[in-house]
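Student: Could you show me how to read charged pairs and exposure from a set of coordinates?
Tutor: Let us look at the model together.

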Amino acid sequence: VNISFVQVPLPVKQRDLVSRVRAMRRTIGWLKTSGAAWILYSLQYILFVLGGPMPLQTKLRQAADRTHMTVSNVMGPRHKVSLCGETVERLLFIVNPCNLAVMVCIVSYGGQVSVGTFVDTAVVEDHKLYMRGVEEELEAIVAPG
């Protein structure tokens, strides 16, 4: 097992982008320095070693019952790679172990960042509005200034 899931609250009450980004950086910074993520990973690993995959899957399903969205980020190779003699132009990493309603996957690869979003249209009624919101937020993040 070399993957772990950590639940963090999204700062949806922050009205502007800068405040949302700062709030997420504070939360993620705390997780990285507090040891909480390491402890959670270690507990998940112990559960896997002692009980095999089923107890861990059960715990992940229980966590998913309280989760509506997942965001995953994967750092890929900095330089493009080849597969069967062809250059791989883009990568997308998808994790949806519990059929969540909304997913955002962020992958860096070959000097580029790709963002994929997936929405269960049975849960998110106006998925086009959601997608517009994601696009606007991403444009605001990469806009100069």
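Student: How many salt bridges does the structure hold?
Tutor: As a general idea, side chains of opposite charge can pair when their charged atoms come close. This is a predicted model, and the structure holds 2 salt bridges. In one of them Arg20 pairs with Glu137, with 2.7 Å between the closest N and O atoms.

Student: Which parts of the chain does the pair of Arg20 and Glu137 link?
Tutor: The pair links distant parts of the chain, since Arg20 belongs to helix H1 (residues 17–34) and Glu137 to helix H4 (residues 127–142), the two residues being 117 residues apart. As for solvent, Glu137 counts as partly exposed, at 28% relative accessibility.

Student: With which residue does Lys80 form a salt bridge?
Tutor: Lys80 forms a salt bridge with Glu89, where the closest N and O atoms are 2.8 Å apart. Lys80 is partly exposed, at 36% relative accessibility, and Glu89 is also partly exposed, with a relative accessible area of 46%.

Student: Why does Asn73 count as exposed rather than buried?
Tutor: The general idea is a cut-off, for exposed means over 50% relative accessible area. Asn73 has a relative accessible area of 63%, and therefore counts as exposed. Asn73 lies in strand E1, which covers residues 69–75.

Student: What separation is there between the C-alpha atoms of Asn73 and Ile94?
Tutor: The C-alpha atoms of Asn73 and Ile94 are separated by 9.7 Å, while the residues are 21 residues apart along the chain.

Terms used: Residues numbered from 1 in each chain as written. Predicted model: local features only at pLDDT ≥ 70, side-chain atom pairs only at ≥ 80, totals over all residues. Heavy atoms only, no water. Helix = DSSP H or I, 4+ residues; strand = E, 2+ residues; numbered from the N terminus. Buried < 20%, exposed > 50% of the residue type's maximum accessible area, 1.4 Å probe, protein only. Salt bridge = Lys/Arg side-chain N within 4 Å of Asp/Glu carboxyl O.
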